[in-house]
Amino acid sequence: MQLEDVQRVTVLGAGNMGHGIAEVAALAGYDVALRDIEEEFVRDGYDQIEWSLGKLAEKDRIGDEEAEAALDRVETFVDLEDSLADADVVIEVVPEKMAIKKDVYDEVVEYAPDEAVFVTNTSSLSITELSEVTDRPERFCGMHFFNPPVRMDLVEVISGKHTSEDTLELIEGLAESMGKTPVRVRKDSPGFIVNRILVPLINEAAWIVESGDATIETVDSTTKFDVGLPMGSFELADQVGIDVGYHVLEYMHEVLGEAYRPCPLLVEKVDADELGKKTGKGFYDYENGGAQIPSDAIDADVRKRLLAVMANEVAGLVGNDVADPPAIDRAVMLGAGFPDGPAKIADGEGLDALVDVLDDLHEETGEARYEATDYLREAAEAGGFHDGGAGEADGEDGDGALAAYDTLNVTVEDRVGHVEIDRPHRMNTISGELLDELPDAIDRLDADDEVRAILLSGAGDRAFSAGADVQSMAAGGVEPLTAVELSRQGQRTFGKLEDSDKPVVAAIDGYCLGGGMELATAADLRVASERSEFGQPEHDLGLMPGWGGTQRLARIVGEGRAKEIIFTADRYEAETLEGYGFLNDVVPDDELDERAWELVEQLAAGPPIAQKYTKRTIHAGRTDGEAGLEVEAMGFGHVMNTDDLIEGVTAYIGDGEPEFEGK
């Protein structure tokens, strides 16, 4: 079966994950059969889809007609046979119990079309074992969506022992058609990638508290404000559901051995039915304030212990050929919101040091979970999971890529240098690493004579950039002098775009907030989709713009409007900021790419020498009108003696299109 042959998707299970997957499939244009064992369950799932589509339309993420069309594509069923009629792909989303899932597949094989492909949304159970219940193990794989499916980009596509390559490619294509990012899990292994990293981390956090080595507050403070992860370990357990993590651990313990024995602290919480947010109480009391995590209770030993266990799990996945380090990093960033991937974080800490931590703990306790894997030792000797952290430093990296960056995609095509912020898992927020990489990318594009214009955009359709990645930047605390240098670094970095002699166009889709809006002000021209949302929310946080926003914004929209935008910290629609003069053009959402490329290619075809002096002249005249006029006169004199002028005049007289060469 080819992707174009997939017309109808059956989703078995209408709970939170099931109705979310059904909604995603319907939005992608597939006919969807949503089935559950009782009419009430199916109706609740359908109502949730209707509510969610309404919210997406209300927030202008989709149009009203698109929402109605998606809902029309969803049919509900209680009868299993009817739900499977004409199904091309069957996505099973029933409770996470092997026996329940096997019982479902015993029935499904009776009624599903012979050519249908089966996928399970299990978060940890064996794909191989489930596939062997069916009559088509080669057309069976895992398709693990993350909660909530409508918002989360990651889909783990997991191979079972018998899964064919054609099946994996089909389901990866299906995920991409739904607007998701598939990450291949090459081997059936408990927890796959994301849960294999997260769940042992939660277990280790519990063991640290169980042993009396630290408090819950200290562990979570360290996890969140030192390591820089989105949540504290115990906060995450409460969010996911302590029972969910516990059951994954039970399965890991059964299959992988003693290293995954659940901590008694987790067992106690499950036995007491204190499962986290969903029950009102877990490690924190959500009926009395919830998680209140101190930012200053950081412990260096806790950090090392957690990172050592995490590095060991990464090594286990790589060493057993479940996934390679780039896939692991990509999956955990997308699925868990890590600011950087776990392999990269471990490399940054130093694998030699983390191996020493594990060896010391193993000698002290004898616990299997501290036994360093052979692959971790090999990676430590090699200098890291990513070959010592070194990437391509010079030259092109193939397929038009200028160089390899961790936070950017930089390519050159048809005289346009395209810089795409590539942190969609973090709403393209601006991290310290991005501030390190962006100047290098701009310098390379400026030095490339083949590049005549620069296009700046953000990956995905949710955000151009939602601002500074405050959490990762503030990890470990920020001293005033450090903050001053951070401000200056951002000013210098964004200033490189402004100082570039080449025209810069910012293509803005989605959120453009805080530092992201400051970045956009450094462009020469700005084009936005209708759904884009703008604002400088720093004052709501007790901060102020620190990357040039107080200066550039005032020059673009005027001092009064700039003060309004910054002081109120309000959100603004694209149409409003077009009226303020901040945006040069606002276009329908699905036309942004075309319009941005049309504009930047037009600029790239222009006379580069005249563009350079024009840009310099405008900038010189900002603070000194006389200086601006002098630069204008000098520039005018220079361009009068160029081949480009002759080319332009000749083309004009002949009613043709000039081909400027910058000479």
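Visitor: What counts as a contact of E530, and which residues does E530 touch?
Guide: Contact means heavy atoms within 4.5 Å. Leaving out residues up to four places away in sequence, E530 touches A574, V586, V587, P588 and D589. This is a predicted model, in which local features need pLDDT of at least 70 and side-chain atom pairs count only at pLDDT 80 or more, while totals for chains, interfaces and linings use all residues. Residues are numbered from 1 along each chain as its sequence is written, and side-chain values use heavy atoms, with hydrogens and water left out.

Visitor: Where is E530 found?
Guide: E530 is in the loop between strand 15 (525–529) and strand 16 (533–535). Helices (H or I, at least four residues) and strands (E, at least two) are DSSP runs, numbered from the N terminus. The C-alpha atoms of E530 and I508 are separated by 9.6 Å, and the two residues are 22 places apart along the chain.

Visitor: What does pLDDT say about the protein chain?
Guide: pLDDT is the predictor's confidence in each residue, from 0 to 100. Its mean over the protein chain is 90, and 92% of the residues reach 70 or more. Over residues 388–395 pLDDT stays under 50, and the model has 12 contacts for them beyond four places in sequence.

Visitor: Why is T128 called buried?
Guide: Buried means under 20% relative accessible area, exposed over 50%, and partly exposed in between (1.4 Å probe, protein chains only). T128 has 13% relative accessibility, so T128 counts as buried. T128 lies in helix 6 (residues 127–131) and touches G160, K161, H162 and D188, not counting residues up to four places away in sequence.

Visitor: Why are strand 3 and strand 8 said to stand at the edges?
Guide: They belong to an open sheet of eight strands with mixed pairing, ordered 3-2-1-4-5-6-7-8. Strand 3 (74–77) and strand 8 (181–185) each have a single partner strand, so one side of each is left without a neighbour in the sheet. Elsewhere in the order, strand 4 (residues 89–92) and strand 5 (residues 117–120) run parallel and are joined by four bridges. V117 in strand 5 is the bridge partner of V89.

Visitor: Which residues of helix 17 are buried, and why are they said to line one face?
Guide: L376, A379 and A380 are buried in helix 17 (residues 374–382). Down the helix axis, the buried residues of helix 17 fall within an arc of 105 degrees (taken from the directions from the axis to the C-beta atoms), so they line one face. They pack against helix 13 (300–319) and helix 16 (351–365). The face turned away carries the exposed residues D374, E381 and A382. Just after helix 17, G383 takes a positive phi of about 100 degrees.

Visitor: What makes F234 and F385 stand out in the largest nonpolar core?
Guide: A nonpolar core is a set of buried Ala, Val, Leu, Ile, Met, Phe, Trp, Tyr and Cys residues joined through side-chain atoms within 4.5 Å. The largest one has 94 residues, and F234 and F385 touch the most other members. A second, separate core of 42 residues includes V419, A506, A520 and A574.

Notes. Pairing = 2+ DSSP bridges.
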